[in-house]
Amino acid sequence: MNALDISDLRKVYKNGFEALKGIDVSVAEGDFFALLGPNGAGKSTAIGIISSLVNKSSGRVEVFGHDLDRDPEGVKSCIGLVPQEFNFNMWEPIGEIVVNQAGFYGIPRKEAWQRAEESLRQLDLWDKRLQMSRTLSGGMKRRLMIARALVHRPKLLILDEPTAGVDIEIRRSMWEFMSELNRQGTTIILTTHYLEEAESLCRNIAIINQGRIVEHSRMDQLLHQLHTETFVLNLRDRITELPQLQGFELKRLDEQRVEVAVSSGQSINQLFEQLSSQGLGVTSLRNKQNRLEQLFMNMVESARNGALQ
Amino acid sequence: MTRYSRYWTAFRTIFTKELLRFTRIWLQTILPPVITTVLYYIIFGNLIGSRIGEMDGFRYIDFIVPGLILMAVITNSYSNVVSSFFSSKFQRHVEELIISPVPNWVILGGYVAGGVARGVMVGIAVTAVSLFFTDIQVQSYGWTLAVFTLTAILFSLAGFINAVYANSFDDISIIPTFILTPLTYLGGVFYSINMLPPIWQQISLANPILYMVNAFRYGLLGVSDISMGVALGIVFLFIIALTGFSLYLLNRGIGIKS
């Protein structure tokens with residue numbers, strides 16, 4: 001059984017804007033799934049429909065076999081949602097926010113406090129349980145929303161840009177936390193603008209653009225489609241003119257840095273050998289762009305060009 | 001855990017949340033109506049009332065007590081639900097409820113119970129204060145409690161509908177200022193409609209609050225300008241209509257879903 005099955009899902013808003021133009025998405029149980037797309041592509045609308053915040057115009061949504069039209073309570077029981085924007089009561093203590101959420105899922109108060117303690121400890125917020133939520137920092141507010149979403153132990157966790165605006169240290173600890181949750185069996189759907197986050201965490205991916213799914217595949221298969229990777233090389237010595245290499249085209253960035261495109265058929269060793277034969281040493285190299293980011297941009301741009309034509 | 005025990009826990013959670021919300025800020029929610037009512041008793045009851053004389057066979061201060069208590073119940077049950085539900089929309093934490101497996105009738109029940117709790121709490125406080133100014137002998141505890149509770153339910157529902165449609169803080173004060181307060185003041189709180197010319201008596205009968213005030217006065221003093229059967233019938237009719245309409249709004253997601 002799949003964690004999520006969406007077929008021919010459409011959404012037309014009252015102002016006539018067609019946010020989803022018949023999308024099909026499947027997410028297997030236990031998956032860590034990325035749903036990516038540029039701003040306004042339809043990601044949040046799709047998530048809104050799955051989590052019952054947005055009414056669909058047509059189509060079918062099933063979560064762990066529960067049909068959204070026939071059994072909305074079954075669907076809701078399986079889902080935990082961490083939305084993009086803060087949506088908790090700023091005048092309520094943190095502990096109560098989590099306990100109340102458990103109560104909405106029918107968990108009695110005593111057990112709700114035990115679960116809240118578990119979730120808040122996992123996210124390092126238990127000591128702040130009596131504090132009003134408005135007093136938390138941005139990163140803590142994000143973690144509070146994760147703790148709240150986990151209190152009823154959902155089988156499917158939807159994270160809509162969970163690391164937006166948090167510093168790198170917290171982001172990395174959240175990545176570890178999400179990976180551990182996934183290892184323990186929770187299916188996770190992640191939307192993010194940090195594509196390295198999606199690349200390192202997710203096994204499967206769907207890219208949505210202008211209300212349509214333009215890619216739905218395994219992450220490794222998708223990355224394999226990338227024919228060319230661009231590297232930035234830091235050279236040991238300064239150069240005045242670009243060296244001529246066979247099969248590689250170099251671009252000079254400054255006196256000690258060059259950019260080179262390496263296609264999938266080429267070996268990076270050949271590049272180093274040729275540079276070395278011309279007396280040029282390389283002290284370090286890095287990808288110019290994250291691989292997924294490069295693919296993502298290619299897809300979005302080709303869709304944009306197609307629309308223009 | 002059965003489905004209904006889940007619903008009961010969800011209902012209790014919403015109700016407790018509401019109860020904590022308004023008791024935490026009792027200086028803004030419980031105390032002001034008590035002070036306002038004390039001022040009414042001092043000014044209209046003692047200072048001016050002694051010059052008015054009797055009304056329907058009662059001292060003026062005794063005559064206005066039921067209306068003043070019910071006015072506090074109406075205002076507080078309405079404002080509790082309208083401000084709480086609108087604020088949950090404004091801060092978007094209503095989404096906590098929408099994504100949870102809570103049926104709409106439980107959501108409505110929880111908010112209405114919160115409104116009734118505040119209406120009843122303020123009503124009891126105002127009644128307690130009135131005992132310092134009057135010496136009322138309750139004629140029928142059954143009628144008094146029934147009207148007290150039904151009125152709080154009715155205005156909690158009305159507050160809920162107002163909150164669903166409200167898009168700004170202005171929208172939650174328009175109805176209380178321009179409709180609720182005039183209807184309450186013209187609903188026989190301070191006078192008997194028998195004092196009015198016949199045409200105004202007829203017009204007053206279109207005011208639903210008149211029926212509630214009179215029914216409550218009947219429970220406390222044993223006198224009413226209108227038939228009790230009609231009064232209760234109208235209150236029930238409004239409760240059924242507003243409940244149905246509130247559930248329709250929630251089921252369609254009007255004001256809370258896109």
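This is a predicted model: local features need pLDDT of at least 70, side-chain atom pairs count only at pLDDT 80 or more; totals for chains, interfaces and linings use all residues.
Me: How far apart do the C-alpha centres of domain 1 and domain 2 of chain A lie?
Reply: Chain A is divided into domain 1, residues 2-219, and domain 2, residues 228-291. Between the C-alpha centres of these two domains of chain A, the distance is 42 Å.

Me: Which strands of chain A stand at the edges of the open sheet of six strands?
Reply: The order of this sheet in chain A is β6-β7-β8-β3-β9-β10, with mixed pairing. An edge strand has a single partner, so one side of it is left without a neighbour in the sheet. Neighbouring strands are turned by 15° against each other on average, direction ignored. The strands at the edges are β6 (79-82) and β10 (212-218) of chain A.

Me: In which sense do strands β7 and β8 of chain A pair, parallel or antiparallel?
Reply: Strands of a sheet pair through backbone hydrogen bonds, and either sense can occur. In chain A, β7 covers residues 156-160 and β8 covers residues 187-191, with five bridges between them. Leu159(A) stands opposite Leu190(A) of β8(A). The sense of the pairing between β7(A) and β8(A) is parallel.

Me: What angle does the direction of helix α5 of chain A make with that of β6(A)?
Reply: Helix α5 of chain A, residues 138-150, packs on the sheet and touches both β6 and β7 of chain A. Relative to the direction of β6(A), the direction of this helix makes an angle of about 170°.

Me: Is Asp8(A) buried or exposed?
Reply: Asp8(A) is found in strand β1 of chain A, residues 2-12. Its phi is near 50°, a positive value in a residue other than glycine. Because Asp8(A) has 12 C-beta neighbours inside 10 Å, and 12 or fewer is the cut-off for this class, Asp8(A) counts as exposed.

Me: What does Asp56(B) count as, given its C-beta neighbours inside 10 Å?
Reply: Asp56(B) has its place in the loop between β1 (54-55) and β2 (58-59) of chain B. Phi of Asp56(B) is near 50°, a positive value in a residue other than glycine. A residue is buried at 20 or more neighbours and exposed at 12 or fewer. With 16 such neighbours, Asp56(B) therefore counts as partly exposed.

Me: Which element gives the most to the side of chain A that touches chain B?
Reply: The contact takes 25 residues from chain A and 21 residues from chain B. On the side of chain A, the elements giving two or more residues are α2 (72-78), β6 and α3 (94-104). By class, this side has twelve nonpolar, ten polar and three charged residues. With four residues, the element that gives the most is α3(A).

Me: Which residue of chain A does Met1(B) touch?
Reply: Met1(B) has its place in the segment before α1 (3-24) of chain B. Met1(B) counts as exposed because it has 11 C-beta neighbours inside 10 Å. Leaving aside residues up to four places away in sequence, Met1(B) touches Arg6(B) and, in chain A, Gly106(A).

Me: What radius of gyration does chain B have?
Reply: Chain B has eleven helices and two strands, and its C-alpha trace spans about 60 × 35 × 35 Å along the principal axes. Buried residues make up 46% of the 258 residues in chain B. A compact globule with 258 residues would have a radius of gyration near 18 Å, which agrees with the value for chain B, 19 Å.

Key
Residues are numbered from 1 along each chain as its sequence is written. Chains are lettered from A and ligands numbered from 1 in the order in which they are written. Domain bounds come from an automatic or database domain assignment. Two strands pair if DSSP finds at least two bridges between them. Axes are lines fitted to C-alpha atoms, for helices over the stretch in contact, and angles run from 0 to 180 degrees between N-to-C directions. Two residues are in contact if their C-beta atoms, placed from the backbone, lie within 7 Å. Ala, Val, Leu, Ile, Met, Phe, Trp, Tyr, Cys and Pro count as nonpolar, Asp, Glu, Lys and Arg as charged, and the others, Gly among them, as polar. The radius of gyration is taken over C-alpha atoms; the globule rule is 2.2 Å times the number of residues to the power 0.38.
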